Amino acid sequence: MEVSASSSLTEKLSASLKNDNDLIKECQDIASDIEYGKLKLVIFVEELAPFLTDKNVTSRAQGTLALSTTLKHLSKDFLNENELNFITNFYCDRMKDQHEVIPSVLQGVLTIVQMSRLPQDSPARLLNLMFQHVHCQSQLQPIRKLIYLIFQTLLQNRKDALRSMGPDFIYGVISSIDGERDPRNLMLLFDMLPNFIQEFPLGHLTEEMFEVIACYFPVDFNSSASEAQTVTRDDLAYALAPCLYASPEFAEFCIPLIIERLDSSLRLAKLDSLYLLRKGASTYGASRLQPHLAELWPIIRKEVFPGGDIEMRNAGLETITELVKVLSTDDVIRDSFIEKVITDTKSSLCDVQLSLYWPAEKLLEAVAKANKLACAQVLKTFIPLCLGQYSTKTSYSDRVTLTESLNSLMAICEEQRFVINSVPELAWTDIPTLYLNALNTDNIELKLKTFSGLAILKSSLSDVARKLLYEKICMAVDDGNNQLKNTCHICLSTFAKIYPNEILGTVMNQLAINDSNTDNTVFTHRLQALCAVAKIPELGPQILPNVVVVAMSNRLEKSIAALCCLRKLVAGRSDTFSIQHFLYKNCNIVELLVSADTSGCSTQKLNLIASICRSIVRKLDVKDQQQIVNKYVSILSEKLSESNVIVLEGLLTPLQRNVDIANKVNLLKSLLHLAINSVSSSSKEVSSKLISVLINKQTEDKNFLIVLNMLRDRIKNILEHDSNTELKESAILLNTWLTKALVVRGSQNSQEYLDFHINLLKDMEMGHNVANGFKTLSDRFEDTVTEENFCNVKLFYKQRIFQNVIQKNNDFDAQSRENYLMALTHLIEEVPMELLLMHLEPLIPLLIESMALDSSELILSTLVTLKVLLDTGHKIFHEQAQHFIPKLLSLTTCREMKVRTAALECLLHYANYPTVLILPFKTDVLERLAVAIDDRKRLVRSIAVKARTRWYLVGAPGEPKQS
């Protein structure tokens, strides 16, 4: 039996070696048999002997591959030390074999070095022979990757064994990686090398190790199509940097390299060098940086002073901050460097009107951000200069600039927990008084900066100063300047967090809202200020009840103002104070709003009430929501009217799905009546939306089908037998929302309703309304049938609608064609770009067809879609340029301004396509755009000039880069 089994195994191996997939499957089965004891490893190796000892190199390689693949599928702790020693000896011997066998050997080595019981001396034996007999850079990319993975695995698990090899291991690694060019392998190496450099003393090989890595700096790499999705230049650059600062000993080589690259003209080289210096400074330390500061500072200064390139300037400033942090470990080096920076910038700070004032000020800010001592050293020079100019300058713009500078430095001081006058040399300063006096000015911009500055000083203002500031804020609130409003609110909130009792006393007295004689405008401003601080836990409970009283009052204008403020508050989020729960539990706001007399209320007020209810109910748990439904829904639905349906929608829309609504069928019947017969368009829409939400959340059972049939029969009856246009429009609106409810939830009935809705596009009277309804079906900004309102929302429902519409292209003839195309363009605006690109082939003819029709609305919608698609640079727009460009030119004279504008924007986008493609159209385009630049509308003329200028450059020297 053994002979038979052995013979069978040999035959299977012989057959499987001819196909990689068969080999993997067979090796998996063998590994499983070995683990379950059905086959011994030694017997398996004996069976491989004819392959392993064959004189044919290919056979030996295949036999070794079979062994390596089988080992790969064994558990990492299955083989014992003796077995692994035996396999190690085998692979060490095979390292000396011919080149063709090496890949199979390396796969096996990678497998056994991951095994937990590998003998202590195995890594050294394997690596020594690998370094002697396997020249890494002569191998193909996948084989080189195996070698690097072996290094990585041993570095993670066998550091002690590697240390026993001494410099041989370090030299072997350096020799193996030297000259690697594949970006995938480089990413693996750059991930591994920092750990390697930090764990193993490099000794006399330090410079050689650095040079092997430094040859890649700065990274110059453009990914090919196959690599574009995996490795980018930035990936390589960010991965390389930690290798270059992995060891403090690299400083003597790396800093001169950084200086050299910073002095070059290559922008990317400079940015990479600044990044490397910023990240490596802490590793190198002050003592190693100090000898190079005299060279580094002038080169960095050149990039930040004046700093025309914003990205370069910001990188330079961040680097300065990091350098000062590191240099601060040595007071002498730090002080000397900062003094040099101050000396070189001081002349530009002496006059705020100098063009270099801001660059110099930002440079000192960067130094001050490093730490408290650096900040104090900057302040001692800058503050006297700044205050001196503030006292002598009379121009408001100069004072605004100086105030902004002071604010920036005060903010840095605040972060580092000290104030300017705590520096002994600056004890004479009194910036709070200076700022409070500045609030007496009439200049709004100066007041804005001053209020912001006083908010920064929140922790250090005296009681007297704070009291005076509160008075100034209240006066500014009553004045009602829109520019100051937000700043005052922020300032109040900032102080309220630290001094809640002070602010409470101030706002209750000076911003009182219980005085009926207060002017409505002033009242609104006060109300807004109060609500700005009502989010704070200590103030909200005192302020909100008063706001609710005003909201429920009979004074319409003040009531609406209060409702607006409440809506804004409940729509927001707070981690410390749940306004929604407070209003519900403590102010009983839901009952007050629901029981309010809504007859004769304006639509604005009703919508505000509904919005507040929606935000509050959404935040409640199921138990509270059920109580609200039990208490109020029956009252509202019994006498459902055009006004209280809006309030009802606010209560029901955000309910969780497991909240039970009694008499839902009767409620839906009442809503159906309103949705069809109401004279108010807003009530019709609200009723349709509410039906949609209720249907979406209802369980699909018999009652569900009964309700659906009731709604569908009513809609069909109106569309087929009623001649009243208004009733038909209502039915179309309801059908749109009903279809949305089913499609969004992925109902089993959704396909039938979607087909019915698409077929309604053929209705010659109502088809246009149906087409516009497709915007509702896919609207990304729609806020009713959403997950936020606990609706059933399936993924890809928009894609499903789009694909159904696309498939029915041939079902629409000339009479209903416009409706179909209008519906399609509405969908195109909403579906993901990836889906559009998948269907561009059938879409493009439809877009061209849409542009040829007489409907301005359809053409405009098509052009908006086309403009977005042109940005993709898809090849189909290359092929169809001869259709699109002439048509776009003809539309530049359309009677509708929006169409002319959109057509010109599309032509501007087309100008970025390859020159060889669009050059033949250049003459015609320039000739037709010459008319457009004299258009009677300024906006059209503006875009026409941009488009014509860009087309002039087509084919010209220095033409902008093309997409």
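Student: Which residues form the aromatic cluster that includes Phe131?

Tutor: In this predicted model, Phe131, Phe151, Phe169, Phe196 and Phe200 form one aromatic cluster.

Student: And how many aromatic pairs are there by the ring-centre rule?

Tutor: The count comes to 18 aromatic pairs. One of them is Tyr470 with Phe495.

Student: What makes Tyr470 and Phe495 an edge-to-face pair?

Tutor: Check the distance, then the angle. The centres are 6.0 Å apart, and the limit for a pair is 6.5 Å. The planes stand at 85 degrees, and anything over 60 counts as edge-to-face. So that's the label the pair gets.

Student: Why say that this pair ties together parts that are apart in sequence?

Tutor: Because Tyr470 sits in helix α24 (residues 463-479) while Phe495 sits in helix α25 (residues 482-498), and the two residues are 25 apart in sequence. Both Tyr470 and Phe495 are buried, too.

Student: Where does Arg712 lie relative to Phe756?

Tutor: Over the face of the Phe756 ring, at 4.1 Å from its centre. That passes the 6 Å cut-off.

Student: Why is Glu180 called buried?

Tutor: Its relative accessible area is 0%, and buried means under 20%, so Glu180 is buried. Glu180 lies in the loop between α10 (167-177) and α11 (183-199).

Student: What is Glu180 in contact with, leaving aside neighbours within four places in sequence?

Tutor: Its contacts are Gln137, Arg144, Tyr148, Asn185, Leu186, Leu189 and Tyr216.

Student: What makes Leu566 count as buried?

Tutor: Leu566 has 0% relative accessibility, so against the 20% threshold it is buried. Leu566 lies in helix α29 (residues 556-571). Setting aside neighbours within four places in sequence, its contacts include Leu544, Val547, Leu583 and Ile612.

Student: How far apart are Leu566 and Met192 in sequence and in space?

Tutor: They're 374 residues apart in sequence and 56 Å apart in space, C-alpha to C-alpha.

How values were computed:
Residues numbered from 1 in each chain as written. Predicted model: local features only at pLDDT ≥ 70, side-chain atom pairs only at ≥ 80, totals over all residues. Heavy atoms only, no water. Helix = DSSP H or I, 4+ residues; strand = E, 2+ residues; numbered from the N terminus. Buried < 20%, exposed > 50% of the residue type's maximum accessible area, 1.4 Å probe, protein only. Contact = heavy atoms within 4.5 Å. Phe/Tyr/Trp six-rings, centres within 6.5 Å; stacked < 30°, edge-to-face > 60°. Lys NZ or Arg CZ within 6 Å of the ring centre and 35° of its normal.
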